[in-house]
Amino acid sequence: MSSPTPVDEISWVLTPLLELPGVLHAVIATGDGLVEGASDGLGRASAERVAAMTATLHAAARAFTTAFTDSERPGLAQTVVESDLGYAIVVPAGENTSLAVFAGPEAQLGNVAYQMQIQVAALGRALASPTRQRNAAVARS
């Protein structure tokens, strides 16, 4: 049996989001636009485009906020794009990582945003935890 890839190990964070009414897709992306995890219903090419656009969207949102405030590095809480098809929501998910969700127009944005924050916190705790090691005594037996 092969060992899980980093994408497999991190994709669990998407499950509670995808169970919310109206949430269609979710992606975990690096700051440079690479896919770290994606919902099953989203094809590889689409997930890669979303990850790349997530990085671009965050950079544009920072620049837009800076233009209004003259702040050097504004901390973004979330970026929301509303269209006739629904909502694209992006939140920072730790160092150099973002969580992006696409939800239909019927989705409850407050519930989606709240669950995204819960999953970001869970992801942060999981990434900060040391990797489990087999007990040395068990390994010798």
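Is Phe-68 buried or exposed, and at what relative accessibility? Phe-68 counts as exposed, at 65% relative accessibility. The legends below describe close-up views of a predicted model.

**Figure 1. Arg-44 and Glu-48 form a salt bridge.** The structure holds one salt bridge. In this bridge the side chains of Arg-44 and Glu-48 meet, with an N to O distance of 3.0 Å. Both residues belong to helix 3, which covers residues 44-69. Arg-44 and Glu-48 are four residues apart, or about one turn of the helix.

**Figure 2. Arg-44 is exposed, whereas Glu-48 is partly exposed.** The view shows the two partners of the salt bridge. Arg-44 has a relative accessible area of 61%. This value is over 50%, so Arg-44 counts as exposed. For Glu-48 the relative accessibility is 37%. That value lies between 20% and 50%, so Glu-48 counts as partly exposed.

**Figure 3. Phe-64 and Phe-68 form an aromatic pair.** The structure holds one aromatic pair. The ring centres of Phe-64 and Phe-68 are 5.1 Å apart, and the ring planes stand at 85°. The pair is edge-to-face because this angle is over 60 degrees. Phe-64 and Phe-68 are four residues apart in helix 3, so about one helical turn separates them.

**Figure 4. Phe-64 is exposed, and Phe-68 is exposed.** The view shows the two residues of the aromatic pair. Phe-64 has 55% relative accessibility. Phe-68 has 65% relative accessibility. Each residue counts as exposed because its value is over 50%.

Terms used
Residues numbered from 1 in each chain as written. Predicted model: local features only at pLDDT ≥ 70, side-chain atom pairs only at ≥ 80, totals over all residues. Heavy atoms only, no water. Salt bridge = Lys/Arg side-chain N within 4 Å of Asp/Glu carboxyl O. Helix = DSSP H or I, 4+ residues; strand = E, 2+ residues; numbered from the N terminus. Buried < 20%, exposed > 50% of the residue type's maximum accessible area, 1.4 Å probe, protein only. Phe/Tyr/Trp six-rings, centres within 6.5 Å; stacked < 30°, edge-to-face > 60°.
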